Each structure stands twice: as C-alpha cells, then as structure tokens.
Amino acid sequence: MTRMVLTVLGVLALSSSAFAQFQTGNIFGTVVDNQNQPLPGVTVTLVGVGAPHTFVTDSAGKFRFLSLSPGRYTLKAELQ
C-alpha cells in the first residue's frame with residue numbers, strides 16, 4: 001500500500017509541472033504614416049484565437065498584445 005501511495009504522489013508531482021508550461025506569445029508594433037512618422041490614437045484590432053482584442057496606439061504609435069495563445073491572427077488598424 002505504501003508503494004502505491006508513493007507512486008501516485010510521484011505521478012501527481014510530475015503532472016503539475018506539465019500544467020505550468022503555457023505557450024503564449026506577444027505581438028508588438030508601431031503604426032506609422034507614409035512619411036514614417038508615428039500615428040497616435042489609432043485603434044488596432046487583433047482577431048484570431050479567442051475574442052477580438054483592441055488597443056489604441058500611444059503617443060509614439062506603439063501597440064502591444066500580450067499573452068496570446070498560439071494560432072493565426074489578423075491585424076487591422078483604423079484612424080478616425
């Protein structure tokens with residue numbers, strides 16, 4: 001009985017470390033105009049795995065999407 005308990009505890013210990021390894025990625029970028037100047041206030045929409053994500057570019061035209069699941073994504077930028 002003691003041997004079986006140790007085996008079960010060993011399997012549980014190994015399985016918990018497997019769950020701790022998440023695969024995620026990030027998408028960073030900068031929106032610029034035709035003269036290569038950054039565009040602040042652009043709404044950037046990312047569509048793919050999960051619900052759509054939106055981000056408004058900062059004063060340097062930068063955007064970021066963090067902790068994304070693996071998959072294909074489409075990026076769309078709109079300026080009012």
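A residue counts as buried under 20% relative accessible area, as exposed over 50%, and as partly exposed in between. In this predicted model, Asp33 has 26% relative accessibility, so Asp33 is partly exposed.

Asp33 sits in the loop that joins β1 (25-30) and β2 (43-47). A polar atom of the Asp33 side chain lies 2.8 Å from the backbone nitrogen of Gln37. Asp33 and Gly61 are 28 residues apart along the chain, and their C-alpha atoms are separated by 9.8 Å.

## The aromatic pairs

Two aromatic pairs are found in the structure. In one of them, Phe55 and Phe65 have ring centres 6.3 Å apart and planes at 70 degrees. Planes over 60 degrees apart count as edge-to-face, so the pair of Phe55 and Phe65 is edge-to-face. Phe55 belongs to strand β3 (residues 53-56) and Phe65 to strand β4 (residues 62-68), so this pair ties together parts that are ten residues apart in sequence.

Phe63 and Phe65 also form an aromatic pair, with 5.9 Å from centre to centre and 55 degrees between the planes. This pair is tilted. Through these ring pairs, Phe55, Phe63 and Phe65 are linked into a cluster.

Notes
Residues numbered from 1 in each chain as written. Predicted model: local features only at pLDDT ≥ 70, side-chain atom pairs only at ≥ 80, totals over all residues. Heavy atoms only, no water. Phe/Tyr/Trp six-rings, centres within 6.5 Å; stacked < 30°, edge-to-face > 60°. Helix = DSSP H or I, 4+ residues; strand = E, 2+ residues; numbered from the N terminus. Buried < 20%, exposed > 50% of the residue type's maximum accessible area, 1.4 Å probe, protein only. Polar contact = N/O pair within 3.5 Å; in protein donor to acceptor, adjacent residues only side chain to side chain.
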